[in-house]
Amino acid sequence: MPRDRSAPASRTQAVGFAAAIGGLAGVALSGHRGKRAATVGAIIGAVGLGASEAVARARQRPGEIPALWQRIATSSALAAPLGWAAQRLTGAGPVAVGAAAGTVAGTLGLRPQKVALGPLVGAAVGRALAARARPAPASAVAASTVLAYRVLSALLFRDAQVRLLAERVPAEDLPFVVPLEARTRYVGTGYVRELADVLGGTYVADAPDVGIVASLDELAGPQFAPAQVDPRVREFYEHTTRFTLDIIPEWRLWVRPGYLLYRTLVARPLGQASVPMNQRETLRGIRSRIDTIRLADDDVVAVRGWIRSFADNDEPIYVGIYTTYRREGRGYVSVGFPLPQASFTATLVPQARPGGGLLLTSRGGVGQAGHYLTYIAPATRELTTLALPGFAEQLDVYVEDDELRAEHAFWIFGFPFLVLHYRLHRKPARTSP
């Protein structure tokens, strides 16, 4: 655990925010009884949730996220005004509000079992509260649903979904994180060009004959000997731009509805991590290029941005910044995906594959391999990083039937949800005019 070298986060600000949430919840829960009750409810809610936040922050140790009981209380309070709004806007009854609140809570839980559990708990809570002589208001249904769901989830699923790894530390303390963020709300295919302006380096768009890594020799370690790699696999990594990529995405059925919602509401507006849904979409054509940045007085490529987009309109599929580093005799590949004022990093460890292939994986708990979500403070450049142990991936590049292929597989909490199948073809040699 890196040492936190900065002052603790402002407890006053956190307590104030919690008090505001508690006040809103109090109004939503008691407003149906009149203005006087709403005022009293707001005061009780603000004081109660603010006080519990103060206690949680006082007991919070360095490198820990706030206590589970406080997170449950805050999320339950947040649900109350949302339930009130849902009833006012749609006229939905207790069962519908409960099911909707459970669905949202379950979806935010990400784990497939939690996604399925959420609406079941919500419908049960809504039905129970609707059966009362005086049905509970929608605000109480929503808050009760989230409370019941969070408590039940905590009892059933003991392993952590996220873990606070470091809070406000210098970038050099976290070599497995790529500390490059987007400075606007949109990432897009012009990200590396904009980054070059910030860094003051020399930008090359669609750089010729460059790879996502400078040399596979940088990745040598206990489970990987670069000399044993098939020359075609080595060429792909060190000269990626020599190849075209045919892609076939294979999504599991259970994840498709959630992914379509994510892509519509998040990925496309963000211009990042918008993977094709099916092979039909890939028929639009996939453009693959690497943009580079060289810093002043240095001939070495400092930034390698592998950018994939649809060929017809340059709509971003993803923008990844590829880096390598070594620690304790082992090489790693860290891929940073810029987000607004943040970065999502996949750190992968190399492993030999029979037949001269190369497997890059975050599975198995080897060294610093894993996935990390990092907030980058604009003024100080300090990092606050969450580890995401439930997410895993591996990239398998190999030769089969004398053809270079790759499979990029993803898991969430042990459940496979996506495999990207690639066929890699060498581009035709350029002829001189």
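Contact here means heavy atoms within 4.5 Å.

**Figure 1. Overview of the protein chain in a predicted model.** Among contacts in the protein chain between residues at least 6 apart in sequence, 64% join residues at least 24 apart. The chain has 10 helices and 14 strands, where helices (H or I, at least four residues) and strands (E, at least two) are DSSP runs numbered from the N terminus. Along the principal axes, the C-alpha atoms fill a box of roughly 85 × 50 × 40 Å. Of the 433 residues, 48% count as buried (under 20% relative accessible area; exposed is over 50% and partly exposed lies in between, with a 1.4 Å probe and protein chains only). The accessible surface comes to about 21,700 Å², of which 59% belongs to carbon and sulfur atoms; areas come from the Shrake-Rupley method with a 1.4 Å probe. Residues are numbered from 1 along each chain as its sequence is written, and side-chain values use heavy atoms, with hydrogens and water left out. Local features need pLDDT of at least 70 and side-chain atom pairs count only at pLDDT 80 or more, while totals for chains, interfaces and linings use all residues.

**Figure 2. The crossing of helices α4 and α6.** The axes of α4 (residues 94–109) and α6 (residues 138–156) come within 9 Å and cross at roughly 40°. Axes are lines fitted to C-alpha atoms, for helices over the stretch in contact, and angles run from 0 to 180 degrees between N-to-C directions. This crossing is right-handed, meaning that the near helix is turned clockwise from the far one by less than a right angle. On α4 the contact is made by P94, V97, G98, A101, G102, A105, G106 and G109, and on α6 by A138, V141, A142, T145 and Y149. By class, this contact has 8 nonpolar, 5 polar and no charged residues. Ala, Val, Leu, Ile, Met, Phe, Trp, Tyr, Cys and Pro count as nonpolar, Asp, Glu, Lys and Arg as charged, and the others, Gly among them, as polar.

**Figure 3. The buried residues of helix α7.** In α7 (residues 191–199), Y191, V192, L195 and A196 are buried. They lie on the same side of α7 because they cover an arc of only 140° around the axis, taken from the directions from the helix axis to the C-beta atoms. Their cover includes β2 (202–204), β4 (286–294), β5 (301–310), β6 (316–327) and β7 (330–339). After α7 comes G200, with a positive phi near 75°.

**Figure 4. D230 in its loop.** D230 sits between β2 and α8 (231–238). Its relative accessible area is 14%, so D230 is buried. Not counting residues up to four places away in sequence, D230 touches G355, G356 and V399.
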